[in-house]
Amino acid sequence: NNEERPLIGQERFPYNYDSSTKEECNSLPLPLLALGPHWSPIGLTLYNYDKGDIETCLNCLPPEFQNTLIVASHGSWNRSPFIGYNVKSYSVDFSSDPYSVTAQRDLLPSLRNANTGLRIRPVDVRISPVDGSLLMTADRDDVSNSVTRAGGLYRIRRRRPDDDAATTTDTLLTTVNTLGENPANVVLEQLVDIPCARQITVSSDNPHLVYVSTFGGFCPLGSGGNRIWVVEFDVSGGDVTRSEVVVGGLLEPQGIDWSRGSLFIATSGRRSRNRGNCVLEIKDMDQRSSSTDSNSLPLNGINEEVVETVVCGFTMTQNQHHWRSLRVHPSGKYALLSVGAECNWPCQVGDRGTNDYQTALLRVELVDNSRGSVSIAAKGIRNAIGLWFDPNDNLLFTSFGSDQAAGIPNATSADNVPDCTLEVLQLPAEQETTTPSPTPLPVSGASPTPLCFSGANTVEVTGRGIV
């Protein structure tokens, strides 16, 4: 089901009309896009090939995807008919205030077959540093490896003149898409079998090196979710020359980002064992991952001399939405870190005590005397996974609506509420001499009220829901 949501007319609505009004909710910044109920948007990046003429680039995406925002959907688990499991492209005007979305198109069709149940679940997307293709991870793939079904790292590229009419790579799309659709006329091919693959980050110093995190919570092979991989590419052709585990022993290290020679890692908040509930740093990461000493890899994540602590225990451990995402600001001074909700909905910062930062995006300082300090950048966000800094250095992030419309009177998972959304967090300008203390910028659900969800204003729910 390739349901398309409207590009305009987004609003916020109360979860509880007894304590909030629609006007209070709409006083908050509005979402950039409503993406659909439990569409599960995870991957987020701007496709901007800058190494030559995209028209003649053999492995690039088709030219109509240049300078568009790419969003990958993990797919709904509880909606009938299901939605998502696809990769979409959005044209965004970053010069307007507020930003506006002017067009949408499908890059990959739904990768779940309604007849057979076979599926591929997209996770993250990043432009390849070597050949202009779009890299994608998935943490489930029922086709490429029928034994583990645990996903990997993939490449999406345009169809080349030398491609056969029917190739193995086409089998992925024709097998998992119910109608055999391929609207963008692209090729999807698995490059590396990486069990439970999640977030992607690319070295700026050595652009042939790509790092891939893992998380087993949604992966058929859950035991593969405590590793970080390095993937080395051939600069001339874009093929993989080496892939291996580079870090092991950490608790579900989903959140990773490369910045200024270091790999920063956010581990799961499920417990403190195996350095859970931490933000960590590995310096000289490219040099360590390129070592020719076969005994030096994987690095032991428990070794604090190699894997340094930025901060641990900054929030309470949790059982729900404990997986973390992390992106480092282009300045390198701080990272933004997601902390999900310890409930379905509603719950918020401080519900369990003063050391409870659930439903927040946290700013974690990375340099100087403030290193390890944590403050709230935004709150009222049920679960954010896709994080990306836009051309204006503001944060675009994806936010998940509540499962099964929990908290919304008379709504069900079949209704188009609450939408998963694409949000914009405007960040304060960086100062050269001091590290600013960020002011909390509520995106939704400002404490203690209003508690709001997002959607398109054309949606209606009977009873006391949306009116």
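This briefing walks through the disulfides, salt bridges and nonpolar cores of the structure above. Keep in mind that the model is predicted. It holds four disulfides and 23 salt bridges. Its largest nonpolar core has 26 residues, and another core of 19 residues lies apart from that one.

**Disulfides**

- Let's start with Cys 57 and Cys 60, whose sulfur atoms sit 2.1 Å apart in a disulfide. Both of these cysteines are buried.
- The link of Cys 57 and Cys 60 is right-handed, with 85° about the S-S bond.
- Cys 278 and Cys 312 form another disulfide, and here the sulfur atoms are 1.9 Å apart. This pair connects distant parts of the chain: Cys 278 belongs to strand E17 (residues 278-282) and Cys 312 to strand E19 (residues 308-312), 34 residues apart.
- The Cys 278 and Cys 312 link is right-handed as well, with 115° about the S-S bond.
- Cys 343 is joined to Cys 347 by a disulfide with an S to S distance of 2.1 Å. Cys 343 and Cys 347 are both buried.
- Which hand does the Cys 343 and Cys 347 disulfide have? The torsion about its S-S bond is about -95°, so this disulfide is left-handed.
- One more cysteine to find is Cys 420, which counts as buried because its relative accessibility is 0%.

- Arg 12 and Glu 423 are both buried.
- Asp 163 forms a salt bridge with Arg 157, and their closest N and O atoms are 3.0 Å apart. Both residues are buried.
- Asp 163 and Arg 157 also belong to a network of salt bridges, in which they are linked with Asp 131, Arg 155, Glu 189 and Asp 239.
- Glu 365 and Arg 363 form a salt bridge too, with their closest N and O atoms 2.6 Å apart. Again, both partners are buried.

**Nonpolar cores**

- In soluble globular proteins, nonpolar side chains tend to be buried together.
- Within the largest nonpolar core, which residues touch the most other members? They are Leu 107, Leu 108, Met 136, Ile 156 and Leu 188.
- Several elements each supply at least two residues of this core, including helix H2 (168-176), strand E6 (100-108), strand E8 (134-141) and strand E9 (152-158).
- For a closer look, pick Ile 156: leaving out residues up to four places away in sequence, its contacts include Leu 107, Leu 108, Met 136 and Leu 188, as well as Asn 59 and Ser 133.
- Among the residues of the other core are Ile 228, Val 247, Trp 258 and Val 307.

Notes: Residues are numbered from 1 along each chain as its sequence is written. This is a predicted model: local features need pLDDT of at least 70, side-chain atom pairs count only at pLDDT 80 or more; totals for chains, interfaces and linings use all residues. Side-chain values use heavy atoms; hydrogens and water are left out. A disulfide is a pair of cysteine sulfur atoms within 2.5 Å. Buried means under 20% relative accessible area, exposed over 50%, partly exposed in between (1.4 Å probe, protein chains only). Helices (H or I, at least four residues) and strands (E, at least two) are DSSP runs, numbered from the N terminus. A salt bridge is a side-chain nitrogen of Lys or Arg within 4 Å of a carboxyl oxygen of Asp or Glu. A nonpolar core is a set of buried Ala, Val, Leu, Ile, Met, Phe, Trp, Tyr and Cys residues joined through side-chain atoms within 4.5 Å. Contact means heavy atoms within 4.5 Å.
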